[in-house]
Amino acid sequence: VSDLTPVTGATVGANFDGFSPVAFLDNGVGPDATANDGTYSASLTIPTGLASVNLNVQASAPGKNPASGVFPFSVITRPQNDDFANRIVLADGTTQTTGTSTYASSESGEPINPSVAGGSTVWWSWTAPSSASVTISTSGSNFDTTLAIYQGATLGTLSLAGSNDDSSGMQSAVTFSAIAGGTYQIQVDGYSGAQGQIQLNYPAPGSPDLADQIGT
């Protein structure tokens, strides 16, 4: 809030359309960075299921004319399986799925493999019905993907089974030795942060013969 110079001691509130107002404070307590500098801060919960929202702001201060404004924002929705904990379990009887890495992020402590991956990761989980050498690939995706396969149930316990960039053109494939009943975590990323639409190919979970189900 300013009137040529920062205005302290103001009352500032804002709300998204249809939601209750939230006070913005200038007290130096997070999320506000510095007290009494004329910058007022608050944490807001973004409404879900919307492509855009309006933020309605009102400000007043002693000896000043009140001010208000409406500021439109686009709502960015991250992929469902952006976080490792929300990884998608690949269904029995399937050999292919699709997804997106648009607006995907990476988590604190998340491994990034191979080294050229950019940190826009999404996750799936696949369980081997029998022991065999298998291949999982991103053939059919529309951007320069990277691919990594891990074992482990948490980010802190993941061990790398294999990773790849550009096995075929800009698409990736990892071949590894699967153990019957073993659950493998699939991490799709993009070269140097590339994002786009993903096609993931894999042997069918629950298939009696992995050798005949290798994804290409």
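Q: Over which residues does pLDDT stay under 50, and how many contacts beyond four places in sequence does the model have for them?
A: This is a predicted model, in which local features need pLDDT of at least 70 and side-chain atom pairs count only at pLDDT 80 or more, while totals for chains, interfaces and linings use all residues. On pLDDT, the predictor's confidence in each residue from 0 to 100, residues 207-216 stay under 50, and the model has 24 contacts (heavy atoms within 4.5 Å) for them beyond four places in sequence. Where pLDDT is low, the predicted coordinates should not be read in detail. For the chain, the mean pLDDT is 93, and 95% of the residues reach 70 or more.

Q: What makes the approach of the threonine 121 side chain to the side chain of glutamate 110 a polar contact?
A: The term requires a pair of N or O atoms within 3.5 Å, where within protein one must be able to donate a hydrogen and the other to accept it, and residues adjacent in sequence count only if both atoms are side-chain atoms. The pair with glutamate 110 lies at 2.4 Å and is a polar contact. Side-chain values use heavy atoms, with hydrogens and water left out, and residues are numbered from 1 along each chain as its sequence is written.

Q: How do you know that β7 and β9 pair?
A: Strands (DSSP runs of E, at least two residues, numbered from the N terminus) pair if DSSP finds at least two bridges between them; two bridges join β7 to β9, and these strands run parallel.

Terms used: Helices (H or I, at least four residues) and strands (E, at least two) are DSSP runs, numbered from the N terminus.
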